[in-house]
Amino acid sequence: MATSEAKNERRRRTELLQFYGGVSKEDTPYNINSKHFNHDMYVQKTIKESSLKQLLEHEAQMVSEIQTLDSDCQTLVYDHYDKFIAAADIVRKMKEGSVKMEAQITRLQENMGRITASSTSITSALQERRGHLSRLLGVHGTLRKLEFLFHLPQKIDECIADKNFTEGVRSYVETAEVLHRYRHMPSFNAIHDDCEAAVGRLNLALKEQLALKEGSARHLTECVDLLLQLGEPAEGLCDDFLAHARTKLEDDLSNLTKLAEAAVILEEDEALSQGAGEETTGPDHTKEQPSQEETGEEAKLECTTVDILEFVDICHETFVGNLWLVISSYKEMFLRSPEEGGSRSSSVALEKLRVFVAGLVEQYVAVVGVRVTAEPDTAHYAPLTTALDKFHRRLHAITQLLPNTNFGDAALSLVIEAGLARCQSSLSALKVELAFSLGDVRHALAAPRHLTQDGTESTHRQLNEHLTRLVAATAASIKERVTALQAFTQPKHTFAVRAEFRRRFCRELVREGVVVAFFLHITDTMLQFCHKKDKDPVLLLLLSRMCLDLHTSTVHYLLSHCDEQLQLEDKTGLTQLHTITDGMREAGQKLLNHYVHTQGASISQMLRRSVELKDWLGCGEPRSVRRVMRTVLDEICTMDTQVGALYEEGNRRDRSSDSSRRTFHSVGASRGGAGGRSAWSSYTPSQLDNSLVANLNKLWSERIEIFAPVEFTRVSILTGIVKISLKTLLESVRLRTFSRFGLQQVQVDAHYLRTYLWSYVADEHVLNVLLDEVVTSASVRCCDPELMEQRVVEFICDQS
């Protein structure tokens, strides 16, 4: 085993040395396998560095390797010995065979010499006869040519009769030079005149074929090419060729127009069927009428509606393919370079071709535009964009075929128009979905609700669900539409990589025309609710919170998503984020203000009617709080529950140290410091000077802005409602006249409101000021102003 491994190691080392040219990092005097090996140095180094045990082991290893090497040499000699013997046998056999081969080669040389002599003698004997045969063959060829010339007029007429125009033209072209060369001879002159007459008939027959409308573009090309070979002027043929080609191509456009109009009719029928239910006999009759007037393939094309992909393929197979063939044939026949025999009028012919193609392409783009317009908006634009890509690529190919033209721009304009239509429909769909979502929320809010024992938690859950569903539906609709419109920007489409298209479609149409426009529409829609008085106040509250959520995060997320999907890195000239979010916040603020005003007006109406309908001069001594005050507290409690479901608590000013008691202080008491008593509880009824107290309150009280904008917090909203309600109560009291018991009833009602409303306002001071003004105004309007003892007021309120 060790011997085999040593042999493999040596073989590998040898192969490596041979591969690298014998250069190795081990090529030193101490390497026993190196050609520079020095045995003396190796022995000295080994004795110096190795121990006795290592020396013995090294000796045994070297003895083993020597034996192995000797065995390999013997094996090598034995292996090659047989080969040496075999080689010797082969050499011996080759020597024996070469003797026979030399004799055969000698005989072959003698035979070849005799054959050469015989061939020479035969050739010399037949030399005279060969010349005579050559002359006879020349005469025979000339006679056959003359026979062909004599029968050429008849042959041309036969080709005309068989409509084998190519053979007739080829026969004349091959002989025309001979006829013109020898036409001065009388016999050839007659043949020449007959051939010219036959060629005239052939020319006339070709022009008749050229005038056929049912001929294909390839047939038309063949006819013109044959006429050019017959020497017809290229200028006239150029116009004839384009005129006849226009007829065929306009027929193709006519058939494509019928297909496009059939799709338009189908789209209108579907719209009518959706609007009118089962009344579809009118559109069916419309589609049957032209099929009775027309026959054949035209009627079939008119009555058949195909999808947009198949329509574009049909366009390519008919009009575009024929136009491509016409351009190629025209260039080959009339636009040859001077080296190829072209004339100087090639520039005029090229300009005619450009005008011809431009007019037809314009009509073709219009027809495809009609079909694209009729394509229904299914929010799945992959088939449409694939068809537009095929349309764009094929027109761009025509541009490459015809220099100094740019039909790709016309195709790109149609693609942009299709994208604009889809963006407009997407925006309309988003508006409709928003209207449906708002309608669903309004119906849900207007539906009767059966509150359970945890009515507060139920309200929280319902409003939060409505808010989440509304915001999520809006975001999902925008993302869905942006994703659908991404089909126009796929890199596989040739028009999608053009900077002009991406700038117009991605920036102007999708981002600005759909996403930003829809956000602005949301803002306008929200502002419209601020100008309508018959809206549900809860809906106003919900929409204000929606605007706040859009302002806080949703708009930023959706705009970032749109920019990422459309790969918009340069945002120069685009609508900035803060422009949209500021509008959303402004709309939310106006909705919230409108909600506060609406709810404040609702409570104010109850308070005003309660003041106006009560007989304050004839009322008895107060025994309880009026029922309307308890109703007001219930309404405010309901509003607090609704607002708390959508908005956070907010900051509230700390109450005074005396607030734990159920006796509340006036403005004057608040100015006097903590622990002071109310102005109405600091004096006895006999000591009260109504005018003095009223003037002092007006002099020292701070101005309270009743209709100030509220913040997006729970306490700020409720404070705004309470201020409007109490201000209405104050103004209503100022317009009435009170008896002593009427004044005391107002005092009881004010204390009751003071006791329970403090938990809904941000600043207790505002509540005290307004309620003190209510009592002060009632005392001023009282005929016999005398207030009730404070402990009696508290007792009545506790009993109520």
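A: A salt bridge here is a side-chain nitrogen of Lys or Arg within 4 Å of a carboxyl oxygen of Asp or Glu. The model is predicted. By this rule there are 21 salt bridges.

Start with Asp563 and Arg511. They form a salt bridge, and their closest N and O atoms are 2.8 Å apart. Asp563 sits in helix α16 (residues 537–566) and Arg511 in helix α15, so the pair ties together parts 52 residues apart in sequence. Both Asp563 and Arg511 are buried.

Arg511 also marks a bend. Helix α15 has a kink of about 35°, centred on Arg511.

Next comes Arg626 with Asp749. This salt bridge has its closest N and O atoms 2.8 Å apart. Arg626 lies in the loop between α17 (577–613) and α18 (627–646), and Asp749 in helix α22, so the pair ties together parts 123 residues apart in sequence. Arg626 is buried, at 12% relative accessible area. Asp749 is buried too, at 2%.

Helix α22 (residues 740–757) also holds Gln744. Gln744 is buried, with a relative accessible area of 7%. A polar atom of its side chain lies 3.2 Å from the backbone oxygen of Glu786.

Last, Asp640 pairs with Arg714. In this salt bridge the closest N and O atoms are 2.3 Å apart. Asp640 is in helix α18 and Arg714 in helix α21 (residues 714–734), 74 residues apart. Asp640 is buried, at 12%, whereas Arg714 is partly exposed, at 21%.

Terms used: Residues numbered from 1 in each chain as written. Predicted model: local features only at pLDDT ≥ 70, side-chain atom pairs only at ≥ 80, totals over all residues. Heavy atoms only, no water. Bend = angle between axes of the 7 residues up to and from the residue. Helix = DSSP H or I, 4+ residues; strand = E, 2+ residues; numbered from the N terminus. Buried < 20%, exposed > 50% of the residue type's maximum accessible area, 1.4 Å probe, protein only. Polar contact = N/O pair within 3.5 Å; in protein donor to acceptor, adjacent residues only side chain to side chain.
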